Amino acid sequence: MSAESVRTAGDFCYHSGVPSSRVESAVSKVLLVQNAYHYQHHTHLQPLGLMYVASALRQKGHEVGLLDMKVEQMSMDAALDHVGRFRPDVLGVSGMSFESASMYEMAKRAKASWPEMTIVAGGPHATNVPEDALKQVPELDYICLGEGEQTSVEMMDQLTNGRPMDKVNGLAFMADGRFHQTPARDFIEDLDAVPFPAWDLVPLKNISSSTAAASSTLGRNS
Ligand code: B12
């Protein structure tokens, strides 16, 4: 796939951050997916969390794609088709609890098709019930708990260098049949140090300008 390809058949926004000639062995292909409750469940809200994770990973040279099944109104079959064409080393799935069935189905079907793919879940649902998710879905290799910018970068660093994951704060995983959770990661204090979200990875024509303006900064809380 060309590094410049923004949109491919199926109206999907594939965008590689790094020209393939610059991809070295220490960097990986990562595809981040915002899952959907149902493919007819459409929103005009940008997947802000994944856009931040994408930027952080690209800053370290990883090749990152982003697919939002809600914004693209995409079925599971179509989304998996794109996973197969992008063929990431790491697939990251994200969603709220009402979207968890989609995250789980994607993890199960992706692992069945591409067993070598590392699958990571993040976002509100996985953060809230990591043990339940990992036990219910053994296809999930890791869960990122809470903020993902630093955790995903460190996780990729460990993965690409074959180093142990238990050194990464803010992760959960199963090992020897048991649930493991590493120490909680501190909140990012200096929000100005966080790279700007990857707006170039989302199809702007599908995003509402009013919701984008109202919900596109870090530091929100409820
Ligand atoms: C802004 C917001 C909204 C906005 C915009 C939502 C949107 N879709 O963008 C509005 C007001 C529209 C909204 C609506 C709803 N919301 Co809301 N919302 C929030 C809020 C306050 C902030 C979310 C946000 O933008 N965070 C900032 C971004 C940068 O962070 P993030 O998305 O969490 O992503 C970070 C990490 O989670 C992680 N991460 C995320 N995914 C992944 C994936 C991987 C692979 C990795 C490594 C890391 C990773 O890294 C990211 C960067 O640090 C949260 C509460 C909170 N404090 O988080 C609730 C929250 C997400 N909302 C919630 C709910 C329930 C809803 C509604 C269902 C409410 C309703 N009944 O209608 C709707 C659903 C709307 C929809 N169809 O999508 C719940 C979800 C609970 C759950 N268990 O899933 C939350 C957690 C509030 C709560 N405490 O209950 N919401």
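Helices (H or I, at least four residues) and strands (E, at least two) are DSSP runs, numbered from the N terminus. The model is a predicted one, in which local features need pLDDT of at least 70 and side-chain atom pairs count only at pLDDT 80 or more, while totals for chains, interfaces and linings use all residues. Residue numbers start from 1 along each chain as its sequence is written.

Around the ligand, α1 gives the most to the shell, with five residues, and α1, β5 (90-94), β6 (118-122), α4 (124-128) and α6 each supply at least two of its residues. A residue is near a molecule if its C-beta atom, placed from the backbone, lies within 6 Å of it; of the 28 residues around the ligand, those that come nearest are Gly49, Gly92, Met96, Gly122 and Gly148. By class, the shell holds eleven nonpolar, 14 polar and three charged residues, where Ala, Val, Leu, Ile, Met, Phe, Trp, Tyr, Cys and Pro count as nonpolar, Asp, Glu, Lys and Arg as charged, and the others, Gly among them, as polar.

Two packed helices are described by the angle between their axes and the distance between the axes. Axes here are lines fitted to C-alpha atoms, for helices over the stretch in contact, with angles running from 0 to 180 degrees between N-to-C directions.

| Helices | Angle | Axis distance |
|---|---|---|
| α1 (residues 48-59) and α6 (residues 149-160) | about 40 degrees | 9 Å |
| α2 and α3 (residues 100-113) | roughly 45 degrees | within 11 Å |

Angles under 35 degrees count as roughly parallel, over 145 as roughly antiparallel, 65 to 115 as roughly perpendicular and the rest as oblique; α1 and α6 are therefore oblique to each other, and α2 and α3 are therefore oblique to each other as well. With contact meaning that C-beta atoms, placed from the backbone, lie within 7 Å, Tyr52, Val53, Ala56 and Leu57 of α1 meet Glu149, Ser152, Val153 and Met156 of α6. This contact of α1 with α6 comprises six nonpolar, one polar and one charged residues.

Histidine 82 belongs to helix α2 (residues 76-86). Is this residue buried or exposed? Histidine 82 counts as buried because it has 21 C-beta neighbours inside 10 Å, the cut-offs being 20 or more for buried, 12 or fewer for exposed, and partly exposed in between. Its C-alpha atom is separated by 9.7 Å from that of leucine 31, although histidine 82 and leucine 31 are 51 residues apart along the chain.

Note on methods:
Two residues are in contact if their C-beta atoms, placed from the backbone, lie within 7 Å.
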